[in-house]
Structure formats: structure tokens, C-alpha cells
Amino acid sequence: MPVVAIVGAQWGDEGKGKVVDMLSEKAQVVVRFSGGDNAGHTVINPSGEFKLHLVPSGIFYPGVIPVIGNGVVVNPAKLIEEIDALNKCGIDTSRLVISDRAHIVMPYHIIIDELEEKSRAGKALGTTKRGIGPAFTDKIARQGIRIGELLDKEGLKERLGMVIETKNDILTKIYGVEPLSLQDIYKQCCEYGDRLAPYIKETITLLRDAQKRNDMIILEGAQGALLDPDFGTYPYATSSSPLSGGGCLGSGISPTSIDRVLGVYKAYCTRVGSGPMPTELNDEIGEAIRVKAHEFGTTTGRPRRCGWFDGVAARFSSQLNGFTGGIITRIDVLDELPQLKICTAYELDGKIIDYIPASVSEYDRCKPVYEELDGWQTSTDHIRKYQDLPIQARKYIKRMEDFMGCPVNFACIGPTREQTIPLNPIF
Ligand code: GDP
Ligand code: IMO
Ligand code: MG
């Protein structure tokens, strides 16, 4: 059985949670591999409606081992909150595994994220203020503390002592705020360690054994390709790679072991936070999409910026990820619109270009070149067969497919598992 990576192809919130929940039925392992609780994955299934931030979306199947991979940064307080909330709804979380190599989001990361955003003033990145950037910064600077270290209380004390001294220098001398108490943080970490101990494991052998058994492994991405720190709209990006390549680094699964890479695309575009978005609609159509689709951030509640489907960005994302297939969500959101647009190129300073420039100031100046398509103006949320979709909707999907550069596996016309129309088989 194969390894399938499922990743966001735009600016996040494409519907990865729904897709992973749906496809986990056949899986034995589901690994979240990047980001932290900046992610918000909505799953609606017979057990209820859930907003998952750290727990993999495969948690709902008793036959699935959900793994929080080494590439995730974990805020233990948030994870415990999430486990408790799931248990309250009768969801068994005892199979959950957290890689001992995953890094911890510490209280100072959250404070520094907020202070850094404040100091950027009008140029704030619009982060989720979950401490994600500072936690990944510490990981790369070799100042991070890993989940596995919570289980060695003596060693933890020593590591924390060194790190907190530096953090307190930053807090007091640069930002002029109160220092943090080493004792308080240490005590809290020991409590987290006691609570999370049953979940913390070495995951490389677990994945090796799963591969030996021919288990189906899903790599669940967070965020989206255009938030990648290398290829996204830097600096308006996140701090870990949401790409399929990030799936290898964040799980320990090798690139040659990945059999399928599925890109999740919304039928239009949304973005939360700052940064360029050439197809953004600051008009009544953008507002209509936001209201109909309830486009508000799953994690922060901020209104999502809405715009037309961006074919240039879609193609870029497909190239970076190597998509073998795509999933289109939220076709139903476009049901009422008489006319639809797809961006096919950009105009930059009078020149037509078909790529995303590296410079955000150039990208900001890019004006979308649109192709117009007829809308279908009829509801699609009850449709289950591709042939039953209105011809205009089929044409729209086919046009999206041209830019995605891979066959569409499913089109979604609602948030539930059943609201899914199969097109091409994944295998
Ligand atoms: P994720 O971060 O990629 O998992 O996506 P989010 O959960 O943040 O946002 C996607 C939203 O779209 C959620 O509210 C889903 O329930 C919803 N959703 C997913 N697929 C569809 C669809 O085909 N139609 C509609 N109307 N909603 C969908
Ligand atoms: P899911 O997994 C949408 C955005 C933030 C901000 C930028 C940097 O639900 O698709 P960060 O807190 O990561 O330092 O913020 O990245 N962002 C997301 N946008 N969906 C997400 O996750 C996101 N995770 C981070 O809004 O613009
Ligand atoms: Mg989300």
C-alpha cells in the first residue's frame, strides 16, 4: 500500500481536513508533518464538526494511527486542550503518537511572535500569533526544546535554564517587557511531560514497520504552497515547508517512498494575513463569497481575503509539489455567480508574465489577466456524479485542471464526506 501526501496548493484553508478525513478510511497511519497550531483543519463527519489544529485528521478512524510528525511544532497546552475536547465528544485519542523529535512551542515563542508583529507596525505579516515563527527559528538556531526532552526532567532543567536566560535578555533589553520565570516554565513543562508521556514515541521505527506491512500512510500537510518560506510570498510566509518535499523532512518518509502527491485547491482563492494576492476581490463579489462560504479563519477568526482562481499560482504550486492528482473543493460556493473568472497570466509593468516573481513588491504590482467563464447558477451541493454537474461547472473544473497540470481526482460540493464527486481514480 502506498504513501500519499495531501497538501495545500494555495494559501492554506483549501479543505485539507475534509480530504484527509475522507481518504483516511483506507489508511493505517496519518502523519501531520509541518506547521503547528497555526493550522486549523475542519472535519465534518458523523461524529460531529471538529476544528483540528495539531491532531491529524485521521483521528476518527479506529484503524488509523495518527502521528504528529517531527516537522510539527507543538504547543503542549493547545494539544492537551484538543485531546480533551476530542475525548469529550467520545473520540478515542489513545492511538495518537507524537514524535519525540517534534519541537515545543514555548510561552516565550508566543510572546516574541506578538512583540515582533507589533514592532513591524504597518508591515505586520499577519501571523496567527501562535509562536510558530519563533519556535522554528529556535529549531534552526539549535536553541529549541524537543517534546522528547520533556521526559528527561533533569536534562530539561539544564536546557531550559540556558535558553530562558537568552530569552529574558531579549524580552527585557530589546522589548522592555517583564522576564519569564524559569521555575514556572519548568514546572509547567514537567506537568506537560507527565500528561503527554504516553503519546511521545520514536516514530521512525513506527513508520518503517508500517511501510514493511504495506500500510497506507497519509502525509497530512498544513498551510499551502504559497506560504512556503522559500517559494511563497516571502516574507509574507509561514516558517516550515507545506510542500510535498516538506512531507519527507517532517515525517522521515523518504522522497522515493511517496507514491502519490495530491494537491487540494479551492475553486477560488483565499488568504488570511498580509501579503500579495493578485486576484483578490475587494468588491461585492469578494464579500458574497466570504459570506456564503463563511470565509473566516479557523484558527484566528479573521476574515479571509477572497478572490478568483489564480491559474498562474496553481501551476506554480503543482510544479513545486509534483502533483499526481488534484482535489477541488468548494465548487458549490460559486453556484450563484453568473460569470466567473480565472487568472491566466499577470501583467507586470506593462509586460505579460506567466510566473510568480520572487520579489513581493513586484508581485504586488502584478495585475491579473482574466479569462471569463459562464457560471451555472444552480445548486450543486446534492450532486454526486460528475455527469450530473451543469455543463458550465464541468467546463470550469476542466479549465482549472489545465492549470493544475494533473488529473482531478475529486470535486467537492460541500463540507461533508458524502459531498464529493469522483472524477479520476487516485491509483
Ligand atoms: P484546511 O485548513 O485546508 O483543512 O481548511 P479549513 O478547514 O481551514 O477551511 C476549509 C473550509 O471549507 C472548512 O470550513 C470546510 O468545512 C469547508 N469545506 C471543505 N470542502 C468544502 C466544499 O466542497 N464546499 C463547502 N461549502 N465547504 C467546504
Ligand atoms: P491551514 O493548515 C491559512 C498564515 C497566517 C499568516 C502566515 C504566517 O489551516 O491551511 P504563522 O502564524 O504561520 O507565522 O503566520 O501564514 N497561515 C495560514 N493561513 N491557513 C493556515 O493553515 C495557516 N497557517 C498559517 O495567516 O499569513
Ligand atoms: Mg485551515
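This is a predicted model: local features need pLDDT of at least 70, side-chain atom pairs count only at pLDDT 80 or more; totals for chains, interfaces and linings use all residues.

Colleague: What percentage of the 427 residues is buried?

Modeller: A residue counts as buried when its relative accessible area is under 20%. Among the 427 residues of the chain, the buried ones make up 56%.

Colleague: How many helices and strands does the chain have, and what is its radius of gyration?

Modeller: The secondary structure comes to 12 helices and 20 strands. For 427 residues the globule rule gives 22 Å, and the value for this chain is close to that, so the chain is as compact as a globular protein of that length. Its C-alpha trace spans about 65 × 50 × 40 Å along the principal axes. The radius of gyration you asked for is 22 Å.

Colleague: Which strands stand at the edges of the open sheet, and why is one side of each left without a neighbour?

Modeller: The sheet is built from 10 strands with mixed pairing, in the order 9-7-5-2-10-1-11-15-19-20.

Colleague: Which residue in strand 7 is the bridge partner of isoleucine 68?

Modeller: Strand 5 (residues 65–68) pairs with strand 7 (residues 97–99) over two bridges, in the parallel sense. Across in strand 7, the bridge partner of isoleucine 68 is isoleucine 98.

Colleague: At what angle do the axes of helix 3 and helix 4 cross?

Modeller: These are residues 107–119 for helix 3 and residues 132–140 for helix 4, and their axes come within 7 Å. Residues that meet there include Ile112 and Asp113 in helix 3, with Ala135 and Asp138 in helix 4. The crossing is right-handed, and its angle is roughly 115°.

Colleague: Is lysine 167 buried or exposed, and which residues beyond its sequence neighbours does it contact?

Modeller: Lysine 167 lies in helix 5 (residues 153–174). Buried means under 20% relative accessible area, and lysine 167 has 6% relative accessibility, so it counts as buried. Leaving aside neighbours within four places in sequence, the contacts of lysine 167 are Tyr108, Ile112, Asp138 and Gln143.

Notes. Residues are numbered from 1 along each chain as its sequence is written. Chains are lettered from A and ligands numbered from 1 in the order in which they are written. Side-chain values use heavy atoms; hydrogens and water are left out. Two strands pair if DSSP finds at least two bridges between them. Helices (H or I, at least four residues) and strands (E, at least two) are DSSP runs, numbered from the N terminus. The radius of gyration is taken over C-alpha atoms; the globule rule is 2.2 Å times the number of residues to the power 0.38. Buried means under 20% relative accessible area, exposed over 50%, partly exposed in between (1.4 Å probe, protein chains only). Axes are lines fitted to C-alpha atoms, for helices over the stretch in contact, and angles run from 0 to 180 degrees between N-to-C directions. A crossing is left-handed if the near helix is turned anticlockwise from the far one by less than a right angle, and right-handed if clockwise. Contact means heavy atoms within 4.5 Å.
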